[in-house]
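Please keep the sequence and the model in view while reading.

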Amino acid sequence: MRVTDSMQLSNWLRTMQKTSQRLEQAQTTLASGKGVHKPSDNPAGTSRAVILKEQISRQEQYIFGIDDGSAWLKTADTVLGMVSSSLSEAQGIALQGANATVSQDQRKDLAAHIGQVIEHMVGLANAKYAGNYIFSGEKINAKPFELNADKTAVQPYAGGSGSISRQVQGEDTLVINYSGKEVFSDNKIFESLFQLKQALETNNTDKMEKANIELSGAFNKVVSNRAIVGSKINRLGEMKELHELQKDHFESMLWEIEEGNLTEVITALKREQMAYEAAMVVGAKINGLSLLDYIR
Amino acid sequence: MSQFNGLYIAISGMNAHKAAMEITGHNIANVSTEGYTRQEAVFVPYNPQQSTLFRGQIGRGVTIEYVRRMTDEYLERRIQNEQSSAESWKVKAELLQNVESSINSLDLQGRFNSFWEAWHGLAMDSTVEQNRFEVQQQATSLINILKISRSQLEQIESQIDFTMNSEMERVNILAEHISKMNDEISSNIRKGLQPNDLMDRRVGYLKELVGITGASVIYNEDNTVSLSLNISTSGGPAEELKLIDGIYFQPMPSDAQVITEGGKIFGLKEIKNNELQYYYTTMDDIAKSLATGINDLHKTGYNKEGSTGISFFKEPVSGVRDLELIPEIKGYLDKIGADGSSPDETGKIAMEIFNLGDGFSRSISNFLGHIGTATKNTMIQDSSHQDMLQTMENLKAEVSGVSMDEELANMMRFQRSYQASAKVLSVMDEILETLINMVR
C-alpha cells in the first residue's frame, strides 16, 4: 500500500482534531461541574431534567403552602389556648361573684376585672398572622370584632363566612381557618361576658350562674376546636415531611444527571490528555522522517 | 543512418531523464497542493531503424511518450458521491447545534416554573397587590422568552435562505469555470497535449459543485463533463436544467429552486422544511395550550372588583407570535381573577392555574429531548461521513498522492541515469574524435 505525505498529514490532523474535541468536552464538563451542557450531550437526561426541575419547583410550592398553613394554624392554636384560659378565668370570677360572702364593692371590682377580660378577648378575636386577620373568614383585611366606644357591647361579626384552604398535595386541600363567627359569636362568648359583668354590677347571682353555664359551654367548644387545629397541624407536619422527602429524591436524581460522577469525568480528562499528547508525539516523529535526512 | 547516431542516442537519454527530473521536481513542488495528482513519465524507446553498421535493427534511444496522470476515475466518482452526503450532514449538524444552543440558553422550563410559582403565591393571598404584580411580571417574562425562542428559530431560517442564495450563485460560477475548462481540456487533448494540471483543477471544482448540489457528473467521450440539475422556477413543475453541457453552460435563473436528494442544499432544505417547521409547530402548540388552558380557567375566576368572565391572554392565539396579555391586565392588576365564586374559594382559580404546570413540563421536556436527539444524530452522521470521506481520500492519495521519499528516490535514479547517458555521450564523442583523427 502506497502511503503518501498528504495521507499521513490528513490522518494525523484528523486524529488530533477528534482527540482535542474530546479533551475540550471533558475540560468543559469539569469546569462547569455539570455533566450536561446541551441537550445533545444527553438527550434522555435533558428530558428527564426538565421534568425533575418542574417537580422540584412544585414540591417547593407545596411546602411553602404547607408552611404558611401551619403557621396560620399554630397562631390559631395559641390564640384559642389563650381564649380558653380567659374563659376559665371568667368562670372563676363568676363563681367567686356568686358566692354570698362577697360584698357589693368586691363585686364591682370583679366586674371591672371582667371588663378587662372582655378587652383582652376582643384583642384575641382580632388576632393576625402575617398581617392578616385569622378569624375573619375570607375577608382577611377586615377586623372581625370591634368594641364600641362606650365598651358596653361588641359590634356584630364583620368578617366573611368563607374558608381559607391550602393545597397540600395535588388536588387535596385543607381548611386552615375558623371563622370568628363560629368561635366567638355562635358560642356567645362576648354576650356571656357582658352579661356576667352586668350581673356583677347588679348583684344578680342568678344571672351570674347563667353566664357561667354559657361560658362553660363555650370553653368546651373552644377546647374541641383547638383539638381539631392540633390534629390539622400534625397532618400538615406529615405532609411536609412527605414533600421534603420527595423533593430530596428529585434533587438527587437531578444531581445524577447534571453533575454526574466526578471521578469518571476526571478519569476521562486524564485519558484524553494522554491520547492528545500521544497523537502529537507520534505525529511529530513520523512527519519528521524524510529521505532528505539520509541523502548525502 | 548517421555517423552521429550514437550521439543522438546518448542525448535522447539525457533529455528524457532531464525531463523526468523536471516532472519529479514538479511533483515535489506540488506536494502541498490540494487535489494535485502526481505525474509519471512514461519512457518509451524510439522506433528502431535499419542499422548501417550491421545487418539488423538498432534502437534510437528513448523518449517520454507522455506524462501519465496517476488517477483513478472510479475513486473520483465515489469521492464525489461521498462529498455530497458529507456536505449535507455537515450543514445539518452545524444548523442543529445552532438551534440547540440558542434554545438551551433560554431556560424555558425555568421561566415556566417561575410563572407557575407566581400563581401559587397569588392563590395563597389574593388580596395583596404584590402577588398580582408578580403574576403579571412573570407572565410578561414568559411571553418574551417564548417570542425570543421563536425568533431565534426564524433567524436561523433566514440564515438558511441567505446561505442557499449564495450557494446558488457559487453553483453558477463553478459551472462557468468548469465549462471553460472543458473547452481547454478537450481541445488540448485533441492536439495531443496532456493538460494534467487543468484536469486536477476541474476535479476540484466538480467536487465542490457536487458537494453543493448532490448532482451526478457525466463524463463525455470528448473529455468534457456534463452535469444536470432538476429545478423548478416560481413553484412550477420540475424541469431539467443542463447546467454544464460540455463546453456550454446554462446559469440557474435567480428564482429557481433546486430539487435535489443530496448535497449542502439538500441539508439546508431538510432542516428548513422539516426540523424547523416541527419546532415552530411545537412552540406554537405550547403557546396555544397555555393561552387556552389559562383563559378557560381565568374566565371562571373572580377578580378584586368582583367581576368575572375576563380572559388573561388575548384571543385568538394561533401561535407564539399572537401571545399577549389582554390590555386590561397589562394596565390594571385588579383585573386578574384569582378567586372562585363562593367565599370559600379565595385563590381557587389561581391554584387551579398553578396545577396546570405538570402538563407543560412534559411538552417542554419532549421538545428539548427531540432537539437533543436530532442534534446528536446529525453530529454522529457528520462525524462518520467525515471519516468515510477521509478513508476515500486516503485511497485516492494512495494512487495520486505525492510521496516525498518516493520522488526523492526517483530523483536519485534519474540523476544517475542522466550521468550515465552523459558518460555515453562523452564516450561517443571520443569515438568520433578517434575516427576523425584517423584521417589526418
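## Backbone features in loops

B:Asp107 is placed in the loop between helix 2 (73-104) and helix 3 (108-124) of chain B. In this model, which is a predicted one, the phi of B:Asp107 is near 50°, a positive value in a residue other than glycine. With a relative accessible area of 40%, B:Asp107 is partly exposed. A second residue with a positive phi is B:Asn223, where the angle is near 65° although the residue is not glycine; B:Asn223 belongs to the loop between strand 5 (217-219) and strand 6 (225-233) of chain B, and at 29% relative accessibility B:Asn223 counts as partly exposed.

Another backbone feature is found at the peptide bond from B:Glu315 to B:Pro316, which is cis, with omega near -5°. B:Pro316 lies in the loop between helix 6 (263-299) and helix 7 (327-331) of chain B. As background to these features, most residues other than glycine have a negative phi, and most peptide bonds are trans.

## Aromatic pairs

Over all chains, the count of aromatic pairs comes to 17. One of them is formed by B:Phe112 and B:Phe360, a stacked pair with 5.8 Å from centre to centre and 15° between the planes. This pair links distant parts of the chain, with B:Phe112 in helix 3 of chain B and B:Phe360 in helix 9 (residues 357-400) of chain B, 248 residues apart. B:Phe112 is buried, with a relative accessible area of 0%, and B:Phe360 also counts as buried, at 8% relative accessibility.

The pair of B:Tyr279 and B:Phe367 is edge-to-face, with 5.7 Å from centre to centre and 75° between the planes. Because B:Tyr279 lies in helix 6 of chain B and B:Phe367 in helix 9 of chain B, the pair ties together parts that are 88 residues apart in sequence. B:Tyr279 counts as buried at 0% relative accessibility, as does B:Phe367 at 2%.

## A cluster of rings

Ring pairs also join residues into a cluster, which is made up of B:Phe112, B:Phe115, B:Trp116, B:Trp119, B:Phe312, B:Phe313 and B:Phe360. The stacked pair of B:Phe112 and B:Phe360 described above therefore has both of its residues in this cluster.

## Charges over rings

In chain A, A:Lys232 lies over the face of A:Tyr178, at 5.9 Å from the ring centre. In chain B, the charged end of B:Lys92 sits over the ring of B:Trp89, 4.4 Å from the centre of that ring.

Definitions and conventions
Residues numbered from 1 in each chain as written. Chains lettered and ligands numbered in written order. Predicted model: local features only at pLDDT ≥ 70, side-chain atom pairs only at ≥ 80, totals over all residues. Heavy atoms only, no water. Helix = DSSP H or I, 4+ residues; strand = E, 2+ residues; numbered from the N terminus. Buried < 20%, exposed > 50% of the residue type's maximum accessible area, 1.4 Å probe, protein only. Phe/Tyr/Trp six-rings, centres within 6.5 Å; stacked < 30°, edge-to-face > 60°. Lys NZ or Arg CZ within 6 Å of the ring centre and 35° of its normal.
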